[in-house]
Amino acid sequence: MTHEAPLTVRAAVLQRPGAGLRFEDLTLTDLRDDEVLVRLVATGLCHTDISFFNRPFLVDRPVVLGHEGAGYVHAVGSSVHGLSVGDPVVLSFDSCGLCESCTRDEPAYCHDFVDLNFVAQRRDGTTALRGADGPVRHAFFGQSSFATYSVCHPRNVVRLGDDTDLAMMGPLGCGFQTGAGAVLNVLQPSKTDSLVVFGSGSVGLAAVMAAKALETATIIAVDRLDSRLQAATAVGATHTLNPAGIADVVAAVREITGGGAHRSLDTTANMAVLRQSVEVLRPRGVCGFVGGAAAGTELCVDVRDIMMNGKTLRGIIEGDSRPHELIPRLVALYRAGRFPMNELIRFYAFEDIDRAISDSERGDVVKAVLRMPD
Ligand SMILES: [Zn+2]
Ligand SMILES: [Zn+2]
C-alpha cells in the first residue's frame, strides 16, 4: 500500500432514506491488501442511485452512493496484481470471482451480486470510511463514487488507455454498459433485423447507439418525450414513436417492420410497456428487459403468444457484461465515432449534485456527469 493514511475523502452522504445528500469530509481509515484506492475525476449519475435515495434499505448508517466512477489508481493493496498507481480506470459493478456464474465468466449474475453491490459495506460488515458521527457505508456497487476517492476491488476496476478522455467514461461502468451490452451481448440483431427500444433514457439510447454500430437496418425508439426522441434520431434511430400521439404502438411497430420486430428491449420497468415489448415481436423474436422493477412485481403476458410464436423473454443485468471486455470495446467504438456518448452527457460540478439529480428526474438531461474538484 502506498497511500498515506489517514486520507480525507469529500463525499455526498445520504444520512438516512429520504434525507437528501449532505457534503462531508470523511476519513479513509484503512485500505486492505485486496483493495484498490481510486482518486475519482468524475462520476455519472444513474437512475439506480436516485431510486436508492428513498429506500429503507440502508437505514442503520449513513451511506455514500454513486456507481459510475472514473479516475486514477491512487494506491493498491499488496495482493493486487495488474493495476498500478496512476492507471486511468473506469469502475464497474463488483462480483465474487468464485461462484458458478463468475467461474463461467458471467459476473453480472454473480450469486453474491446483491451483497457485493447493494449492501454497501465490506463482507465482514466493516467500512473504510468514517465521519464525525461514526462509520459511513461505502462499497455501493463496489465503489460509492459520490466521493473524491473510491475503495474498490480489482474485479470492478477496468484499466483504460492513457489517452482516454477519462471524465466522460464513468457511465460506461453501468448505464451505457447496460444498454449497449443488452444489444451487443444478448439481442445481437443482424444487419437486416429490426430492433425496438422502449425508453430513450441513457440506457435506451446506449442500446440505440450499439444497434447503429452493428448497422441494424431498422432501429425504432419509443418514448413520451419528444426531446428524447430527437436525441435517439441523432444517435442512430431510424424511426421514432411517441405513444402520446399514437393509438396503438404495437400496430405502429408492426407496420414499420412489416409484421413485427426481430428484437425488442424494454428499459422502462413499466409492466404495461414490457408487455408491449413482447407483443411487438414477430415469430422467434427476442425481448430483453433491463428496467429495475421492485421485488415482487408481476408481469401479465399472453402465454399462448409467446409459445405459438417461439418468442423469448430475457432478463438482463448490466448488459450481460464482462466489464474488462465490454468497456474497452465501447471506448474503441467511441473513439471511432461509432458510439457518440458525448452527445448524451452534460457535466456538472460535484457540488451541484442536487441540481444534476433534479435535472435528471425531470428528463432535462440524459446523462449527468459530476466532475470532482481538482
Ligand atoms: Zn460470483
Ligand atoms: Zn446504474
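**From terms to values**

Mentor: Let's start inside helix α5, where Ser202, Val203, Gly204, Leu205, Ala206, Ala207, Val208, Met209, Ala210, Ala211 and Ala213 are buried. This is a predicted model, in which local features need pLDDT of at least 70 and side-chain atom pairs count only at pLDDT 80 or more, while totals for chains, interfaces and linings use all residues. Residues are numbered from 1 along each chain as its sequence is written, chains are lettered from A and ligands numbered from 1 in the order in which they are written, and side-chain values use heavy atoms, leaving out hydrogens and water.

Trainee: What makes a residue buried or exposed?

Mentor: Buried means under 20% relative accessible area, exposed means over 50%, and partly exposed lies in between, using a 1.4 Å probe and protein chains only. By that rule eleven of the twelve residues of α5 are buried, and the helix is mostly covered.

Trainee: What makes a stretch count as a helix or a strand?

Mentor: Both are DSSP runs, numbered from the N terminus: a helix is H or I over at least four residues, a strand is E over at least two. Helix α5, residues 202-213, has twelve residues.

Trainee: How do you know what span to expect for α5?

Mentor: The expected span is 1.5 Å times one less than the number of residues. For α5 that gives 16 Å, and the helix reaches 16 Å from its first C-alpha to its last. After α5 comes Glu215, whose phi is positive, near 60°.

Trainee: Which atoms coordinate the zinc ion (ligand 1)?

Mentor: They are the SG atoms of Cys96, Cys99, Cys102 and Cys110, at 2.3 to 2.4 Å. Donors are N, O and S atoms within 2.8 Å of the metal (3.2 Å for Na, K and Ca), so these four qualify. Water is not among the atoms, so sites may look incomplete.

Trainee: Why is the arrangement around the zinc ion (ligand 1) called tetrahedral?

Mentor: Four donors count as tetrahedral if all angles lie between 85 and 135 degrees. Here the angles are 105 to 116°, so the arrangement is tetrahedral. Cys96 lies in the loop between β6 (88-91) and α2 (100-103), and Cys110 in the loop between α2 and α3 (113-117), so the pair ties together parts 14 residues apart in sequence. Both Cys96 and Cys110 are buried.

Trainee: What coordinates the zinc ion (ligand 2)?

Mentor: Cys46 (SG), His67 (NE2) and Cys174 (SG) do, at 2.1 to 2.2 Å. Cys46 sits in the loop between β3 (36-44) and α1 (47-52), and His67 in the loop between β4 (63-64) and β5 (69-76), 21 residues apart.

Trainee: Why are Cys46 and His67 called buried?

Mentor: Cys46 has a relative accessible area of 9%, so Cys46 is buried. His67 comes to 1%, so the label is buried again.

Trainee: How do you know that two strands pair?

Mentor: DSSP must find at least two bridges between them. Strands β1 (residues 7-14) and β2 (residues 21-28) pair in the antiparallel sense over eight bridges, and Val9 stands opposite Leu26 in β2. These strands belong to an open antiparallel sheet of five, in the order β4-β1-β2-β7-β8. Its edge strands, β4 and β8 (134-136), each pair on one side only.

Trainee: What makes Glu215 and Lys191 a salt bridge?

Mentor: A salt bridge needs a side-chain nitrogen of Lys or Arg within 4 Å of a carboxyl oxygen of Asp or Glu. For Glu215 and Lys191 the N to O distance is 3.6 Å, so they meet the rule. Glu215 is partly exposed at 47%, whereas Lys191 is exposed at 51%.

Trainee: How many salt bridges are there in the whole structure?

Mentor: A search finds 22. One of them joins Glu279 and Arg275, with the closest N and O atoms 2.8 Å apart. Both residues lie in helix α8 (residues 271-279), four residues apart, about one turn.

Trainee: Where do Arg362 and Asp359 lie?

Mentor: They lie three residues apart in helix α11 (residues 353-362), about one helical turn. Arg362 has 52% relative accessible area, so Arg362 is exposed, while Asp359 has 8%, so Asp359 is buried.

Terms used
Tetrahedral: all angles 85-135°; square planar, octahedral: opposite > 155°, others 65-115°.
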